[in-house]
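Take a look at the sequence and the fold below. Then follow the text through the structure, one part at a time.

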Amino acid sequence: MNTKAGIVGVGSYVPKNIISNFDLEKIMDTSDEWIKTRTGIRERRIVDENEATSDLATKAALNAIKDANLTPEDIDLIIVATITPDMIFPSTACLVQANIKATKAACFDLEAACSGFIYGITVAKQFIESDAYKHVLVIGAEALSRILDYEDRSTAILFGDGAGAVVMGPVSEGGVLSTSLGSDGNGKDYLNIPAGGSKTPASEDSIKNRLHFIKMAGNDVFKFAVRIMQDASVECIESANLEIQDIDYLIPHQANIRIIEASAKRLKLSMDKVYVNLDKYGNMSAASIPVALDEAYREGKIKKGDNIVLVGFGGGLTWGASVVRWSI
Ligand code: ACO
């Protein structure tokens, strides 16, 4: 029989520090009212001075491994999806490996911005279904507060820090039924950090011009997001041979409540089938979907046998969706 890959454990971790909209009011020209009505966000978590992405990823990973009733030595591969690695190299996945002592695991980071977790589970599926590896740890982890420009109110209010993880492995029922990925590099200017790479290395000028922070064309990303959340969801539902009525729950990327509501409306899916936690965390990029998945699972919103759509979009531009039939 062919091996089928599924999620066998899930976990998450968010840092303790809470920054509310009212806290942001004190440091920039914004208001709780504006942020709540335009985005749905009320507060977000941020790392403290001594915490980095690998620390959040490590805690989420240990929670997911425990949930799967496994030990770190059972993990064959660690994939960390992030745009905020601890450093350019080594990979954050290697740092997590050392922290959790997953001595048998191969490790790499995956960069597809907010779509990174969906890309990660798609890669893991290939390794498991080809019988190359048995257990793959896929982590979405971000310390976005480290790359936010607190002088730019149009981006600083949106993002937060956190990590979510799943262990994927062979399952006898359900599993990842389909995935659908896409990219459009022509949208590279909509969302990026201009400096710090090989094109514009760090210099006095790059620092003076604040080029090491996230830049975003919010309106363009908004329009793209609403369209692509629908298209990607429909594509993966169809390739799983299902229809929208067969979907029990949607876990979308948590960027903006208006994007989520518009996408749900286009999909003709009622909002009580859609998980939202962006009010507590803002947009955690690659961490948003796995943190939401973990919370929805812990709250009993998803049960064994449910068909769940995970869908995200982000810098690149990139997008991805997956239908998962819940197997735990
Ligand atoms: N507080 C108060 N006023 C603000 C703020 C703020 N924080 N930010 C912008 N404004 C002002 C603007 O200056 C503008 O003022 P003006 O009319 O006097 O010029 C007004 O509010 C309206 O600005 P818009 O940009 O048109 O506001 P919009 O309703 O489009 O909301 C937002 C902006 C929230 C950024 C929205 O466009 C959005 O959510 N876009 C998508 C973002 C997203 O999903 N990013 C994903 C990132 S994924 C990744 O890969 C990292």
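Predicted model: local features only at pLDDT ≥ 70, side-chain atom pairs only at ≥ 80, totals over all residues.

Four strands make it up, in the order β8-β13-β12-β11. The sheet is open, and its pairing is mixed. The edges are β8 (175–183) and β11 (249–252), each of which pairs on one side only. From one strand to the next, the twist averages 15 degrees.

Now look at β13, residues 318–325. On one side, β13 runs antiparallel to β8, and 8 bridges join the two. Ser178 stands opposite Val323 of β13. Further along, Leu181 faces Gly320 of β13 across the pairing. β13 also pairs with β12, again in the antiparallel sense and over 8 bridges. Here Leu310 stands opposite Ser322 of β13. β12 and β13 form a hairpin with 3 residues between the strands. In that hairpin, Gly316 takes a positive phi near 145 degrees. How much of β13 is buried? Of its 8 residues, 7 are buried, so the rest of the structure largely encloses the strand.

Helix α11 (residues 288–298) lies across β11 and β12. Its angle to β11 is about 145 degrees.

Turn to helix α2, residues 32–39. Which of its residues are buried? Asp32, Ile35 and Thr39 are. Seen down the axis of α2, the buried residues fall within an arc of 80 degrees, so they line one face of the helix. The buried residues of α2 pack against α1 (21–25), β3 (43–46), α9 (257–267) and α10 (278–281). Just after α2 comes Gly40, with a positive phi of about 90 degrees.

Finish at the ligand. It is surrounded by 25 residues, and the closest are Thr30, Arg38, Cys114, Asn219 and Asn256. Some side chains place polar atoms by ligand oxygens. For Arg38, a polar side-chain atom lies 2.7 Å from an oxygen atom of the ligand. An N or O atom in the side chain of Arg258 is 3.0 Å from a ligand oxygen. For the side chain of Trp34, the corresponding distance is 3.3 Å.

Terms used: Residues numbered from 1 in each chain as written. Heavy atoms only, no water. Pairing = 2+ DSSP bridges. Axes fitted to C-alpha atoms, helices over the stretch in contact; angles between N-to-C directions. Contact = heavy atoms within 4.5 Å. Buried < 20%, exposed > 50% of the residue type's maximum accessible area, 1.4 Å probe, protein only. Arc of directions from axis to C-beta. Near = heavy atom within 4 Å. Polar contact = N/O pair within 3.5 Å; in protein donor to acceptor, adjacent residues only side chain to side chain.
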